[in-house]
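Biologist: I have the model open and want to go through it with you. Can we take the RNA side and then move on to the protein chain?

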Amino acid sequence: MTQENNTLATDFIREIIEDDFSTNKHAGRVATRFPPEPNGYIHIGHAKSVCLNFGLAAQYSGTCNLRMDDTDPAGESLEFVESIIHDVHWLGFDWNDRLYYASDYFEELYQFAVQIIKMGKAYVCSLNADEIREYRGSFTEPGRESPFRNRSVEENLDLFSRMRAGEFEDGAHVLRAKIDIASPNIVMRDPIMYRIKREPHFRTGTNWVIYPMYDFAHCLSDALENISHSICTLEFENNRPLYDWFVEQVITGSRPRQIEFARLNVSYTVLSKRRLIELVERNHVAGWDDPRMPTVAGMRRRGYTPEAIRNFCAVIGVAKNDNLVDASLLEHCVREDLNERAPRAMGILMPLKMVIDNYPEGKVEEFECSNHPQNPAMGTRKVPFSRVLYIERDDFDENPPKKYKRLGPGREVRLRNAYVIKYQSLVKDERTGEITELHCTYDPDTHSGPPPDGRKVEGVIHWVSAEHAVPVEVRLYDRLFRIPDPGSISENYMEYLNPGSLEILPVCYAESSLKYAAPGSRYQFERLGYFCVDAKDSAPGKPVFNRIVALRDSWGKVAARGKN
RNA sequence: UGGGGCGUCGUCAAGCGGUAAGACACAAGAUUUUGGUUCUUGCAUCCGGAGGUUCGAAUCCUCCCGCCCCAGCCA
């Protein structure tokens with residue numbers, strides 16, 4: 001533990017922990033846990049929690065467990081467990097041998113329940129679901145006591161063991177805590193501890209037909225694991241008295257403390273598990289790892305790095321304010337990381353053929369190009385140059401707007417890493433009017449410096465040698481939704497999906513060095529953005545590139561302004 | 001409506017009675033063989049509102065307003 005860590009609380013949770021150190025509350029121990037339910041893939045919101053919990057443990061020389069909160073077999077599966085394990089590891093965190101499952105505590109939890117029944121503080125209630133809801137009252141009226149509330153301990157014990165034994169139909173009985181049916185906090189109105197549910201569990205199979213509820217299982221799982229600080233999101237604030245109630249019944253000595261923070265929201269996407277499931281199941285995306293998804297798997301496939309995601313989680317902070325973090329902040333973190341680590345390369349997204357009329361036919365030069373202009377240690381690569389090239393369609397304009405620095409009639413422009421060229425003529429498709437070919441001449445004295453005669457050449461455009469280029473597919477991604485806060489819309493939020501969130505460009509050209517680029521590797525295509533070799537759909541020699549994020553584009557802003 | 005929580009720049013977020021950090025975004029400029037990077041500069045006389053306490057309040061008190069969460073045998 002470093003000194004700064006002891007003196008620099010950066011958020012209210014760290015303040016609490018450091019406070020606890022000063023009073024020696026948990027014997028100076030920090031034990032946290034990340035407790036996902038394995039019924040979906042984890043997303044950027046979970047990543048915030050993962051970074052918080054594991055980060056706290058690392059900072060204060062404590063431990064963080066990974067615990068599957070698998071108390072409701074419906075929807076839970078091994079696939080999700082495996083994805084969570086993979087994703088948390090990928091994010092850069094390790095729990096050593098402390099991978100736990102709430103389902104491993106089922107027997108202990110059952111015994112705790114028996115204990116609470118014996119204390120006269122839990123009872124088997126035989127009201128049906130509708131009746132329980134009615135009896136619970138509402139915000140304005142207190143609940144009414146269940147007619148089964150005063151069953152004897154013996155009867156409760158008998159009924160509860162028969163619930164476990166499978167003697168009753170689903171829903172016939174539940175075990176309830178006897179707390180306060182009139183409490184102003186609805187959570188405390190004799191909450192349900194166990195329900196009968198004949199659903200096979202992916203780990204315990206058919207061993208159990210009763211399953212503990214979250215409020216009962218979660219706090220006691222924390223206690224069994226000796227968690228000191230149980231960090232969860234704000235919506236569980238109402239449940240904290242119940243958390244404490246259960247723990248007090250059965251645990252003596254040091255008890256875990258629940259602390260709530262605000263869950264993350266990011267603009268132009270949704271982060272609730274229910275909605276992500278809908279996106280997947282209704283095929284609005286190609287799966288949990290669709291690069292447009294805010295899931296860890298999606299971001300990984302898109303090309304985001306764990307470092308970028310971790311940095312984002314650090315930068316957004318931890319507080320209790322409802323929030324909607326700008327998607328541009330995430331993008332900034334991704335660019336910031338990739339700018340340093342991604343080797344540069346050239347690729348053409350919208351090809352336009354260009355012939356250098358005065359360049360000898362059949363001649364090929366190989367230019368030594370820097371892989372990173374600010375970091376020579378990243379080395380160089382050879383890029384072939386020849387008479388016929390492809391350039392970006394956007395880099396030529398027959399009627400250039402003001403401030404346009406690219407190619408146009410009568411103009412000169414620098415070919416990145418190569419010569420200065422001058423426009424000569426163009427060829428159009430007579431039927432469509434589309435420009436099909438450009439003719440230019442090059443200045444042989446300009447490869448490694450400005451024109452010797454002192455002419456100023458302002459623009460620089462990228463290119464690729466037609467003969468040597470690798471044809472590639474490129475996938476462009478945009479925000480999933482058209483509106484900043486789709487999460488706030490309760491109904492028909494799918495109407496706000498961005499129809500242009502995926503654009504596939506089947507015919508693009510990458511420089512030859514990229515032909516066998518490793519799946520998952522990331523490059524900056526100069527002047528365009530960062531791209532990642534798709535790990536699923538690429539084949540050797542035939543890479544598919546995902547655009548991770550575009551470069552900042554100050555010209556795009558100027559150009560857009562010009563149109564208005 | 002009963003209970004719980006939250007309101008500081010467009011967005012996150014510091015601030016803990018001594019006179020509004022930082023980041024993103026945005027804007028302007030410099031450097032540049034990426035309109036990228038980097039650098040410089042600007043960007044809340046004001047902290048949901050109104051009163052009060054104090055020499056002094058975003059920070060303490062009172063009232064008011066707004067937003068979020070809770071009435072699953074989900075988590």
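This is a predicted model: local features need pLDDT of at least 70, side-chain atom pairs count only at pLDDT 80 or more; totals for chains, interfaces and linings use all residues.

Modeller: Of the 68 residues around RNA strand B, the ones that come nearest are Thr140, Arg344, Arg406, Arg416 and His447.

Biologist: Which base atom of RNA strand B does the side chain of arginine 344 approach?

Modeller: A base oxygen, which is 2.4 Å from an N or O atom of the arginine 344 side chain. Backbone atoms also approach bases: an N or O of glycine 171 lies 3.1 Å from a base nitrogen, and one of asparagine 417 lies 2.8 Å from a base oxygen.

Biologist: Which elements give two or more residues to the surface near RNA strand B?

Modeller: Those are α6 (129-136), β6 (192-196), α13 (327-341) and α14 (554-563).

Biologist: And how many residues of that surface are nonpolar, polar and charged?

Modeller: 23 are nonpolar, 21 polar and 24 charged.

Biologist: Changing topic. What domains is chain A divided into?

Modeller: Domain 1 covers 11-261 and domain 2 covers 345-471. Their centres, taken over C-alpha atoms, are separated by 63 Å.

Biologist: Now helix α2. Which residues in it are buried?

Modeller: In α2, residues 12-22, the buried ones are Ile13, Arg14, Ile16, Ile17, Glu18 and Asp20.

Biologist: What happens at the start of α2, and just after it?

Modeller: At the start, a side-chain oxygen of aspartate 11 comes within 2.9 Å of the backbone nitrogen of isoleucine 13. Just after the helix, asparagine 24 has a positive phi of about 55 degrees.

Definitions and conventions
Residues are numbered from 1 along each chain as its sequence is written. Chains are lettered from A and ligands numbered from 1 in the order in which they are written. Side-chain values use heavy atoms; hydrogens and water are left out. A residue is near a molecule or strand if one of its heavy atoms lies within 4 Å of it. A polar contact is a pair of N or O atoms within 3.5 Å; within protein, one must be able to donate a hydrogen and the other to accept it, and residues adjacent in sequence count only if both atoms are side-chain atoms. Helices (H or I, at least four residues) and strands (E, at least two) are DSSP runs, numbered from the N terminus. Ala, Val, Leu, Ile, Met, Phe, Trp, Tyr, Cys and Pro count as nonpolar, Asp, Glu, Lys and Arg as charged, and the others, Gly among them, as polar. Domain bounds come from an automatic or database domain assignment. Buried means under 20% relative accessible area, exposed over 50%, partly exposed in between (1.4 Å probe, protein chains only).
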